[in-house]
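Work through the exercises below with the sequence and the coordinates at hand, and try each task before reading its solution.

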Amino acid sequence: MPELPEAEVCRDQLTRWSGGRTVDDVLVPDPAVIRSKMSSRPSDALPGGEAIVAQFAGQPSGPVVRHGKRLGWTFGPHAILIHLGMTGHWVKRPSGPMTQKSARLGFRFDDVTVWLMDRRRMGCVVAMKAEELDGVMRHRHGPDALDHPLTGPQLAVALRSRKPIKVVMMEQNRVAGIGNIHAAEACFRARIHPATPADDLTAEQWDRLATGILDQMKYTLDFVDPDAETLYVTSGAKNPFSVYKRTGQACARCTSTIVSDDLNGRTTYWCPGCQPRTTATT
């Protein structure tokens, strides 16, 4: 699913596109996008959900907020929690008929309509009261990896586990926002093999990893065009990453051949030269 940087780009785009304007109409080509809970299954559609979001018409577009990979958007006393799923993203189009089948939900602001597009229908929105949004967004989530970065010692406590470090980094209840791509990239920056048990990391490695996570988030946000609709190599954009999807290529740092393997069900990439399978510092 989209990770913290993609969600942050979406937050910025929605903020700029809506600009505090009043919602003129709510368009729901796919009522199943409105779900009773955070779910990737259209079968969890909320009965009467279309009528609930119709109440947003006539309300001012309020702040768009983010915690980890989650997004929230307020409309007067109402709000939605946004789950982008695997292929969900927002686009801005001139108001008028929408012909793209992947359009799931739209908010019309006079001459502009902002659409949630989702080819695989795994994304959704959950309607709630605006006063509930912050608590729901943070429920069972750790500190935000960008807005509240942890120091090395704090990260060592938060990620204490015998699991591979790359696996435990992706557990949102520990640190919010890190997914498959950025966990691998942060490990590369820190020169840590992704399969190293978290409890085996040294104090120096924890410090490097804390720096690597934050630097990776900032790097990606600096790289991405803030108006782009295609953000990552996963959707056809240029690959800005050091190891992700670079199997068989030479490492830009040491020229070793980048490799990949399955780790806890996710394809994981690393450089054997920069990230030897050892707990020793390099």
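Contact here means heavy atoms within 4.5 Å, and the model to which this cut-off is applied is a predicted one.

**Exercise 1.** Determine how many of the residues of helix H6 (residues 180-190) are buried, and which elements the buried residues of H6 pack against.

*Solution.* Begin with the accessible area, where buried means under 20% relative accessible area. By this criterion 10 of the 11 residues of H6 are buried, so the helix is largely enclosed by the rest of the structure. The buried residues include Asn180, His182, Glu185 and Phe188. Next, search for their partners: the buried residues of H6 pack against helix H1 (4-18), helix H5 (165-169), helix H7 (203-223) and strand E10 (266-270).

**Exercise 2.** Describe how H6 and H7 cross, and classify the residues of their contact.

*Solution.* Two packed helices are described by the angle between their axes and the distance between the axes. The axes of H6 and H7 come within 8 Å and cross at roughly 125°; the two helices are therefore oblique to each other, and their crossing is right-handed. On the H6 side the contact involves His182, Glu185, Ala186, Cys187, Arg189 and Ala190, while H7 contributes residues including Arg208, Leu209, Gly212 and Tyr219. Sorted by type, the residues of this contact comprise seven nonpolar, four polar and four charged.

Key. Residues are numbered from 1 along each chain as its sequence is written. This is a predicted model: local features need pLDDT of at least 70, side-chain atom pairs count only at pLDDT 80 or more; totals for chains, interfaces and linings use all residues. Side-chain values use heavy atoms; hydrogens and water are left out. Buried means under 20% relative accessible area, exposed over 50%, partly exposed in between (1.4 Å probe, protein chains only). Helices (H or I, at least four residues) and strands (E, at least two) are DSSP runs, numbered from the N terminus. Axes are lines fitted to C-alpha atoms, for helices over the stretch in contact, and angles run from 0 to 180 degrees between N-to-C directions. Angles under 35 degrees count as roughly parallel, over 145 as roughly antiparallel, 65 to 115 as roughly perpendicular and the rest as oblique. A crossing is left-handed if the near helix is turned anticlockwise from the far one by less than a right angle, and right-handed if clockwise. Ala, Val, Leu, Ile, Met, Phe, Trp, Tyr, Cys and Pro count as nonpolar, Asp, Glu, Lys and Arg as charged, and the others, Gly among them, as polar.
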